[in-house]
Amino acid sequence: MTTVLGAPVDHAEAARRARRWGFWYATEHRLLGMRAYAGTILAATFGNPVIYLFALGVGLASLVDRSAGEITADGHGYLTFVAPALLGIAAVTAAMDESTYAVMAGFKWDATYFAMNAAPLSPAQIATGNVLVVVLRLLAACTVYHLFLLAFGAVPSPLGWLTILAATLGGTAVAACLVAFSSSLKGEDSPLALVMRFVITPMMLFSGTFFPLASLPLFLQPIGWVSPLWHATELGRVFNYGMVEPIWLTAAHVLYLLAVIAIGWMLAVRITRRRLGG
Amino acid sequence: MTAVIAAEALEKRYGDVAAVDGISFEVQAGEAFGLLGPNGAGKSTTMRMLGAVSSRTGGTLSILGLDPDRSGPEIRAQLGVVPQTDNLDRELRVRDNLLVYGRYFGMSRRDLGPRADALLEFAQLADRAKAKVDELSGGMKRRLTIARALVNDPRILLLDEPTTGLDPQARHILWDRLFRLKEQGTTLVLTTHYMDEAEQLCDRLVVVDKGVIMAEGSPAELIARYSSREVLEVRFGSEHNVRVAEQLTGLGDRVEVLPDRILVYTDNGERELAAIVGQGLSPITSLVRRSSLEDVFLRLTGRSLVE
């Protein structure tokens, strides 16, 4: 029977599709929601590379290269050395946008995840959508950043484009953990500010980003080893200018990042399931 | 008639606390069924179990012939859910809220366009299609939430306090829309604090308190069973009510003394009022009214405040 509200819906087919594609429907929702803050996203995507590359590429790099004689990055110069780190930092920054307050809004302020779950989407699919939307935004943002790096002559290797994937992996690893953490916040958002100040900012500074990790005292170096940003940056340097390191270490970077993503994602699924199904 | 919902000894425990303590009921296809109860009675917990999002800790539950523990998505694909608090996406515009929700049911964008327009028409929001959600009034948001719940052409619509916080006009518009859905054959299950709403909308209802069912029946049956045909309300001033009430014993079926008035439950309020005046008592105000579901509700769940 056709109702006043349109043709009948095949409910069995709806359930089948939701079981298979629910994670994508959750991602789609988040992507559509980005339209509301598209201006901020575009400003960050195009503005960040311009600001950082002028400051570091034209400013700091010329100073470092003059005093050090372009010894960094195997003679390619400081900008080439720092380029994968800038990409990684941009990825982590964009990841924070999508995996903190946006996730809290879904649970608490707008409670849209409860609406998704009242439809056929499962908590696991909702959590997966939260991680996947970050991957998509990071791929787009890092590609744009990479084009700027090319324009600034900071990508000597033909494999340099793989830095996009390295940064995306690093950003996603941070995002997966933040999605899990933000999903667990039931009260106010102040713990997020603490995480940004005392975890994310130190991570950006002490992950072998602006100077090699080896320049730090040994007791500070573990910060880099556990930091997804260090692994993403080192991986990026291998691709960007052929930084020499043992192949097992390159593989370890990839595996470590994948492991952090997997753990963050599983935690996010578990916490989402508990919160929505209580 | 076929039962679309069957709950048997349904239970939900959080540690030692039983939010729902072994309730049993059935809802027939096309019926408007109400769950009434004070705050903390277990209504919303029950609704979440009926919505196949919260698993039970005891008893059996069948929704549209399926077990929610095993077939959550299959059940939810056939439900429309209007939660107690609107959970619309404020980052999306009005029409986009419907489109994105329809996608959760795997519906194509091509099919969703006309359906969203029909739903906006139904919810009297067609002229607000491109508005931001925050620009809508409370009543409009509620209607949009209901429109969203209908996007999948649900067989059962679950409404948790659908009109709480709305002004009388908005409530009446909403009732009208719900009536139309009922006429169309949609099964309605609702919780409400408003007894007039329950009387207006529900064919049958259960009164729940402290996680258990206190009474079940149609509004008229419950009134007949737990109250009288009429209620006489008399006021003698808060300092005198208790003393005067002692002289009224034996009047009607039952006399209830409240701080501000005395209620006489009776078949004939005018006759009891004449008897009171005949005793030489002169109330400050008096009112004879039909007994309502509210009288039943207060009798069954008490008058003490639950917060």
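Author: Let's begin with burial: a residue is called buried under 20% relative accessible area, exposed over 50%, and partly exposed in between (1.4 Å probe, protein chains only). The model is a predicted one, where local features need pLDDT of at least 70 and side-chain atom pairs count only at pLDDT 80 or more, while totals for chains, interfaces and linings use all residues. Residues are numbered from 1 along each chain as its sequence is written, chains are lettered from A and ligands numbered from 1 in the order written, and side-chain values use heavy atoms, with hydrogens and water left out.

Reader: How far apart are the C-alpha centres of domain 1 and domain 2 of chain B?

Author: Chain B is split into domain 1 (3-221) and domain 2 (228-291), with bounds that come from an automatic or database domain assignment. Between the C-alpha centres of these two domains of chain B, the distance is 40 Å.

Reader: Which three residues of chain B supply 19% of the area it buries against chain A?

Author: Contact means heavy atoms within 4.5 Å, and 43 residues of chain B are in contact with 38 residues of chain A. Buried area is the accessible area (1.4 Å probe) that two parts lose on being put together, summed over both; for chains B and A that is about 3,400 Å², 53% of it on carbon and sulfur atoms. The trio behind that 19%, more than any other three residues supply, is B:Arg76, B:Tyr104 and B:Gln184.

Reader: How many salt bridges are there between chain B and chain A?

Author: A salt bridge is a side-chain nitrogen of Lys or Arg within 4 Å of a carboxyl oxygen of Asp or Glu. B:Arg103 and A:Glu28 meet in one, at 2.8 Å from N to O. Over all chains the structure holds 33, and between chain B and chain A the count is five.

Reader: Which element gives the most residues to the side of chain B that touches chain A?

Author: A polar contact is a pair of N or O atoms within 3.5 Å; within protein, one must be able to donate a hydrogen and the other to accept it, and residues adjacent in sequence count only if both atoms are side-chain atoms. Chains B and A have 17 residue pairs in such contact (both at pLDDT 80 or more). Strand E1 (3-14), helix H2 (72-76), helix H3 (94-103) and helix H4 (109-122) of chain B each supply at least two residues of the side that touches chain A. With five residues, the one giving the most is H4(B).

Reader: Is A:Glu98 buried or exposed?

Author: A:Glu98 forms a salt bridge with A:Arg137, the closest N and O atoms being 2.7 Å apart. This pair links distant parts of the chain, 39 residues apart: A:Arg137 is in helix H6 (residues 123-151) of chain A and A:Glu98 in helix H3 (residues 78-99) of chain A. A:Arg137 has a relative accessible area of 7%, so it is buried. A:Glu98 is at 0% relative accessibility, so it counts as buried.

Reader: Is B:Asp69 buried or partly exposed?

Author: B:Asp69 forms a salt bridge with B:Arg56, at 3.7 Å between the closest N and O atoms. B:Asp69 lies in the loop between strand E4 (58-63) and H2 of chain B, and B:Arg56 in the loop between helix H1 (43-50) and E4 of chain B, so the pair ties together parts 13 residues apart in sequence. B:Arg56 is buried, at a relative accessible area of 16%. B:Asp69 has a relative accessible area of 46%, so it is partly exposed.

Reader: Which residue's backbone oxygen does the side chain of A:Ser99 reach?

Author: A:Ser99 sits in helix H3 of chain A and is buried, with a relative accessible area of 0%. Leaving aside neighbours within four places in sequence, A:Ser99 is in contact with residues including A:Val134, A:Leu178 and A:Ser182. At 2.5 Å, the backbone oxygen that the A:Ser99 side chain reaches belongs to A:Ala95.

How values were computed: Helices (H or I, at least four residues) and strands (E, at least two) are DSSP runs, numbered from the N terminus.
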